[in-house]
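This briefing concerns a predicted model.

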Amino acid sequence: MPERRTLFVTEDAPRLGSGRALRVHGVVRALAQLGPVDVLYPQRGVLEPGEEYRAMAGVTLHAAAPSRGARRALAYAATRARGVPDGFARGVSPELVRAARRLAATPDRGHVVADGPVCAAALHGLGARVTYNAHNLEAQLRADIGDMGSPALLRRFERRLLARVGESWMVSEADMAGARELCPGATLRLVPNVVDAEAVSPSPPPAGGPGRVLLLADWTYPPNVEAGRFLLQEIAPLLRAARPGTVLVLAGRDAAGALGLDATAPPPGVELPGFVPDIGPLYATSTCVAVPLLTGGGSPLKFVEALAHGRTVVTTPRGAAGLRGTPGVHYRVADGAAAFAAAVGEVLAAGGDPAMATAARELALAEYSITSVVERLRPWATSS
């Protein structure tokens with residue numbers, strides 16, 4: 001009997017470059033260690049899968065060229081008629097649906113995973129055969145960022161989705177609790193956002209100087225923009241009053257545009273390196289990492305990444321809400337601009353916190369590494 005193959009359907013060409021893409025990469029890496037994986041994606045324009053996927057052992061890539069015009073319009077209308085919110089329905093490609101059904105019907109097919117709500121809506125016809133890989137509890141996230149359309153429609157869609165699929169993978173305990181409240185009968189599994197923690201070689205923070213504070217983010221995500229503005233406008237003035245010369249490093253593609261700054265002439269004490277392919281030096285030259293989230297859900301991937309790099313993280317209660325770990329042991333939590341500035345200042349004055357950095361690294365390996373996800377998914381992978 002041929003080895004069972006997992007089908008993973010995603011709404012974009014699989015490649016690194018965003019927080020969402022990091023979650024997909026971590027899950028696919030873990031699945032590929034449990035058996036062969038077919039990754040199906042819509043082929044849009046010139047965007048191709050990243051080399052990290054082409055080189056991934058056990059992974060086969062499949063592209064579906066989406067259409068426009070009447071066929072796409074009919075698919076949109078049919079999807080909307082099932083109660084799918086407009087933003088998700090617009091992403092459903094009839095060609096992706098056909099390709100998914102064809103690949104799902106192969107004799108060696110095992111599990112079928114729908115990545116995110118758009119793909120879950122596209123694979124509606126496969127019912128309980130589908131496992132839903134959630135990136136957020138959508139109803140909660142969109143309520144937080146004020147991007148919901150009809151709140152009742154979104155909650156009804158997500159409730160039906162959780163009830164229909166065979167299993168849903170949630171990123172945090174908070175999202176698990178929210179999903180249980182929304183759909184008490186849903187089958188849920190905690191599959192957190194992870195990084196390749198084993199591949200990271202932590203280095204001690206730089207010695208001397210006023211200190212450098214890193215905020216590395218996906219600046220297309222509204223909660224990250226809000227966090228960046230909170231850091232710049234409310235926290236930074238208090239921090240610099242106590243520690244003149246402190247440098248804020250706001251990294252990630254188009255941070256300047258998202259925050260309304262001039263990339264060629266940033267404010268004093270602010271660096272805007274933009275997109276950095278190798279993030280190791282960013283962490284190596286930073287004394288601590290700030291995660292000043294005020295809204296949003298899930299478990300912030302850059303938070304997890306900072307833990308893996310053995311950096312002391314200062315975060316808000318919201319930033320820590322989706323993460324396992326103990327405040328004061330694995331990271332520091334501060335509520336409000338004054339408390340946040342004081343906590344960062346204490347870390348900078350001490351040149352870091354070696355004990356906390358070590359505990360942070362251990363937490364990343366135990367809970368937020370690809371190896372940890374492999375073990376979480378092993379019972380699922382061996383089920384029929």
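- Seven strands form an open sheet in the order 3-2-1-4-5-6-7, and their pairing is parallel.
- Strand 3 (59-64) and strand 7 (188-190) are the edge strands of this sheet, each of them pairing on one side only.
- On average, neighbouring strands of the sheet are turned by 25° against each other, when direction is ignored.
- Within the sheet, strand 4 (residues 109-115) pairs with strand 5 (residues 130-133) in the parallel sense over four bridges, and A114 has Y132 in strand 5 as its bridge partner.

**The helix on the sheet**
- Helix 17 (residues 370-381) packs on the sheet, where it touches strand 1 (5-9), strand 4, strand 5, strand 6 (167-170) and strand 7.
- The direction of helix 17 makes about 155° with that of strand 7.

**The second largest pocket**
- The second largest pocket holds about 380 Å³ of space, and of the 21 residues that line this pocket, those closest to its centre are G110, H111, W380, A381 and S383.
- Two or more lining residues come from each of helix 1 (19-34), strand 4, strand 5 and helix 17, with helix 17 giving the most, namely three residues.
- By class, the lining of the second largest pocket divides into seven nonpolar, nine polar and five charged residues.

Methods: Residues are numbered from 1 along each chain as its sequence is written. This is a predicted model: local features need pLDDT of at least 70, side-chain atom pairs count only at pLDDT 80 or more; totals for chains, interfaces and linings use all residues. Side-chain values use heavy atoms; hydrogens and water are left out. Two strands pair if DSSP finds at least two bridges between them. Axes are lines fitted to C-alpha atoms, for helices over the stretch in contact, and angles run from 0 to 180 degrees between N-to-C directions. Contact means heavy atoms within 4.5 Å. On a 1 Å grid over the protein atoms alone, a cavity is a set of points where a 1.4 Å probe fits but cannot get out, and a pocket is an open set with protein on both sides within 12 Å along at least five of seven lines; lining residues have an atom within 4 Å of a point. Grid points are joined across faces, edges and corners, and a volume is the space filled by probe spheres set on the points. Ala, Val, Leu, Ile, Met, Phe, Trp, Tyr, Cys and Pro count as nonpolar, Asp, Glu, Lys and Arg as charged, and the others, Gly among them, as polar.
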